[in-house]
Amino acid sequence: MAPSITKPKKPITFSLLSKLSTTLFFIVLFTIPALLLLHTPTSPPCSTPSAIGVTAWSGDLRAAKFSWNRLSFAGDSPPLARLKIAVFSRKWPVGAAPGGMERHAHTLYTALARRGHMVHVFTSPLDSVGKEVKSSLEGGSGYPVIHCHEGEPGSKWRYNKAWVQFEEENRDEPFDVVHSESVALPHWLARGLPNLAVTWHGIALESIYSSIYQDLIRPLNEPISPMFNHSLQGVIPKVISEIRFFNNYQHHIAISDSCGEMLRDVYQIPNERVHVIINGINDKDFGVDSRLGNEFRTRIGIPSNASLVLGVAGRLVKDKGHPLLFEAFSMVQEKHSDVYLVVAGSGPWEDR
């Protein structure tokens, strides 16, 4: 939450605001790449220990300089310690169409519960479908304990109500680890939790980068759209606000190497408090079925002689960069007309 700002006695004209936004934009545009160039990572992005000439790695994972996903863990063997884990998530994906963050949370915490950890999820009220699913799974082994705060079914997330539930559960037996999915737990509450980690599924600076790269496909004779200028004016104050309050979270989990570099170099979070863990999936949920694959291709109109079918799934919103993808794919299809692109998802840009 951004700090409150005292209103000036004299009104600021639109022209002055526009100049200020333009100045801030160029500061971000030219300063950030310089900072990133000055940063020299100790290992290649997402590198494994073996990739840099080391056959094995041991030590405190919190000090690892590479993505944790590149390590081979102990498979189905039980954990060395059984942890009590608290999770703050705005939504719990028991409905029919969860978002990417909610699906990630479900996969992660269900897997941790199956390994024997005590996982407590503090979330918003479930809708009628969610309640049925929750009832069918609750009490069974290998499933997190779901704490829904008070409110109408399907109502919005209220962190203050979830915090009361957390404190009650924490008094009975303190949690070993507290985890927040993005800003589900606000920074003024996170400040007092030394055992807290937050996973960032998107930060404001990434949104600026996305806007810049998507604007690069604009023809040179086409003026910058008012929407582009407006979006930058809105997001730059968010970046400044995040730089100010992110330090209140003890540990930061970035879901990409680029996000990790931004947290270290721009947001000035110490290296030992930034960890890269790329979103994973449960590979047991997926398998090859040629019959279903061919039926799906036929249903969406892909001919049998297609040489290559590419697919992308995600919310249809500006930050995902679909226009840039379409521009690149059109260049591919000019030379390879038998290549197809399947886009799956829903969102504000669905009708574009």
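Which residue in strand 3 does Val-121 stand opposite? Select Val-121 and look across to strand 3: the residue opposite is Ile-146.

Before going on, note that this is a predicted model, in which local features need pLDDT of at least 70, side-chain atom pairs count only at pLDDT 80 or more, and totals for chains, interfaces and linings use all residues. Residues are numbered from 1 along each chain as its sequence is written, and side-chain values use heavy atoms, with hydrogens and water left out.

**The sheet**

Show the strands (DSSP runs of E, at least two residues; helices are runs of H or I, at least four residues; both are numbered from the N terminus). Seven strands make an open sheet with parallel pairing, in the order 3-2-1-4-5-6-7; two strands pair if DSSP finds at least two bridges between them. Strand 3 (145–148) and strand 7 (274–276) are at the edges with a single partner strand each, so one side of each has no neighbour in the sheet. From one strand to the next, the twist averages 20°. Angles run from 0 to 180 degrees between N-to-C directions, with axes fitted to C-alpha atoms, for helices over the stretch in contact. Now select residues 118–123, which are strand 2: four bridges join this strand to strand 3.

**Two helices across the sheet**

Select residues 100–114. This is helix 2, which lies across strand 1 (84–88), strand 2 and strand 4 (177–181), at about 160° to strand 4. Then select helix 8 (residues 257–265), which lies across strand 5 (196–200), strand 6 (251–254) and strand 7, at about 175° to strand 7.

**Helix 4**

Go to residues 159–172, the 14 residues of helix 4. Its buried residues (under 20% relative accessible area, 1.4 Å probe, protein chains only; exposed is over 50%, partly exposed in between) are Ala-162, Trp-163, Phe-166 and Glu-169. Viewed down the helix axis, they fall within an arc of 130° (taken from the directions from the axis to the C-beta atoms), so they line one face of helix 4. The face turned away carries the exposed residues Val-164, Arg-171 and Asp-172. The buried residues pack against strand 1, strand 2, strand 3, strand 4 and helix 5 (187–190), contact meaning heavy atoms within 4.5 Å.

**Aromatic rings**

Phe-88, Phe-122, Trp-163, Phe-166 and Phe-175 form one aromatic cluster. Rings of Phe, Tyr and Trp (its six-membered ring) pair if their centres lie within 6.5 Å; planes under 30 degrees apart are stacked, over 60 edge-to-face, and the rest tilted. The structure holds twelve such pairs. Phe-122 and Phe-166 are edge-to-face, 5.9 Å centre to centre with 85° between the planes.

Technical notes
Expected span 1.5 Å × (residues − 1).
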